[in-house]
Amino acid sequence: MTAPPSLTLRTPDDWHLHLRDGAMLQAVVGATSRQFRRAIVMPNLVPPVRQSADAARYRDAILAAVPPGQAFDPLMTLYLTEETDPEDLRRGVEAGIVTAVKLYPAGATTNSDAGVRNLRVLDPVFEMLTRLGAPLLIHGEVVDPEIDIFDREAVFIERELIPLRARHPELKVVFEHITTADAVAYVESEGPTLAATLTAHHLRLNRNDLLVGGMRPHHFCLPVAKRETHRLALRKAATSGNPKFFLGTDSAPHLVADKESACGCAGIFSAPIALESYATSFEEDNALGRLEAFASEFGPRFYGLPLNKGTVTLERIATPVEADWPTPLGPVRIYHGGETLAWRLKSG
Ligand code: NCD
Ligand code: ZN
């Protein structure tokens with residue numbers, strides 16, 4: 001099937017994004033606001049965004065950093081800790097400041113030291129979320145040192161997710177940035193309160209891309225890319241038209257110097273070319289006709305938010321991607337940097 005010369009979509013949203021703060025926030029927010037109307041903003045700052053007042057301040061800082069003339073709504077999340085106060089959460093959600101709560105198992109990923117050790121302690125928070133109809137967003141990996149890093153997502157389903165959802169069947173849960181066929185199968189088998197996001201890079205990378213021919217720190221993120229059979233399952237889920245799977249880039253900027261290091265940071269910065277990358281994957285699977293629903297409809301429907309009104313247009317024009325995104329702190333490597341992509345987001 002030949003691809004059309006251009007593709008116009010309802011303006012999409014990014015349902016999982018890291019914007020950081022300070023100079024990094026200033027440097028990266030425009031990459032997202034050019035592509036997306038809204039984004040679910042992750043709270044893993046140092047210190048984390050734990051209370052509604054922190055979220056309100058962070059939201060103001062993001063809005064102040066959006067380039068003039070661009071409309072962008074950051075949807076804020078609270079970083080769940082064992083001290084999270086259900087009443088503070090209620091006030092934040094009712095005031096329209098907080099959209100969701102993020103659960104990081106302690107130590108699972110970048111800046112997650114303050115995360116949760118025992119999920120049962122948080123049952124009152126989960127009850128409040130259920131009452132408010134606000135979703136719980138989960139980084140689904142166990143942190144047990146005895147579990148191999150490639151198995152941590154699959155083990156999380158059995159050990160944590162199934163028991164949690166049995167205790168709170170009405171709680172809306174987003175299983176974030178899934179990387180395994182196990183997660184796809186679990187999400188497919190469950191009812192409408194469970195959905196999952198898929199990143200652009202996990203639709204394209206397997207663990208060979210990380211390790212064969214030399215270690216590629218710019219392909220390292222968490223959850224780590226798995227073997228090819230898993231990548232194919234993710235592709236199938238993304239392009240299936242099943243509304244339980246929607247777009248969340250997990251774009252996570254780190255300085256090149258911090259990634260090319262003896263202990264390289266986890267995170268892939270895909271914001272500048274996110275739609276172009278997803279379009280490339282959907283085109284490869286003859287599924288361009290399903291990109292709009294994945295990028296612009298299934299996410300807001302799950303969150304109970306209105307669909308965006310505007311449109312964006314992707315042109316099928318071969319376009320080289322710059323290697324790096326400049327910031328005052330140093331360069332950040334762009335996912336696909338140095339490659340030529342077949343699609344280009346039309347500006348304006
Ligand atoms: C994220 C980051 O850098 O904040 N890194 C990543 O590899 N995805 C944290 C996260 O979402 O796990
Ligand atoms: Zn993330």
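Predicted model: local features only at pLDDT ≥ 70, side-chain atom pairs only at ≥ 80, totals over all residues.

Reader: What makes Arg-231 and Glu-228 a salt bridge?
Author: Their side chains come to 2.7 Å, N to O. The limit is 4 Å, so the pair qualifies. Both residues lie in helix H8, residues 228-239. They are three residues apart, about one turn of the helix.

Reader: Which labels do Arg-231 and Glu-228 get for accessibility?
Author: Arg-231 has a relative accessible area of 13%. That is under 20%, so Arg-231 is buried. Glu-228 has 31%. That lies between 20% and 50%, so Glu-228 is partly exposed.

Reader: What makes Glu-284 and Arg-204 a salt bridge?
Author: The closest N and O atoms are 3.0 Å apart. The cut-off is 4 Å, so this pair counts.

Reader: Why can you say that the pair of Glu-284 and Arg-204 ties parts together?
Author: Glu-284 lies in helix H10, residues 274-284. Arg-204 lies in the loop between strand E8 (194-198) and helix H7 (207-211). So the pair ties together parts that are 80 residues apart in sequence.

Reader: Where does the salt bridge between Glu-284 and Arg-235 reach?
Author: The side chains of Glu-284 and Arg-235 meet at 2.7 Å, N to O. Glu-284 is in helix H10 and Arg-235 in helix H8, so parts 49 residues apart in sequence are tied together. Salt bridges that share partners join Arg-204, Arg-235, Glu-284 and Asp-285 into one network.

Reader: How do you know which label Arg-235 gets, buried or exposed?
Author: Arg-235 has a relative accessible area of 6%. The limit for buried is 20%, so Arg-235 is buried. Glu-284 is at 46%, between 20% and 50%, so Glu-284 counts as partly exposed.

Reader: What forms the negative surface patch?
Author: Asp-148, Asp-151, Glu-158 and Asp-182 form it. Asp and Glu count as negative, so the patch is called negative. Take Glu-158, found in helix H5, residues 152-167. Its relative accessible area is 55%, over the 50% limit, so Glu-158 is exposed.

Reader: What is noted about the phi of His-177?
Author: Phi is positive, about 35 degrees, although His-177 is not a glycine. His-177 sits in the loop between strand E7 (173-175) and helix H6 (181-189). Its relative accessibility is 2%, under 20%, so His-177 counts as buried.

Reader: Which residues does a cis peptide bond join?
Author: One joins Val-46 and Pro-47, with omega about -5 degrees. Another joins Leu-222 and Pro-223, with omega about -5 degrees. Pro-223 is in the loop between H7 and H8.

Note on methods
Residues numbered from 1 in each chain as written. Chains lettered and ligands numbered in written order. Heavy atoms only, no water. Patch = residues over 30% accessible without salt bridge, like charges linked within 9 Å, V, L, I, M, F, W, Y side chains within 5 Å. Areas by Shrake-Rupley, 256 points an atom, 1.4 Å probe, with all protein chains shown as cover. Charge placed at Lys NZ, Arg CZ, Asp CG, Glu CD. Helix = DSSP H or I, 4+ residues; strand = E, 2+ residues; numbered from the N terminus. Buried < 20%, exposed > 50% of the residue type's maximum accessible area, 1.4 Å probe, protein only.
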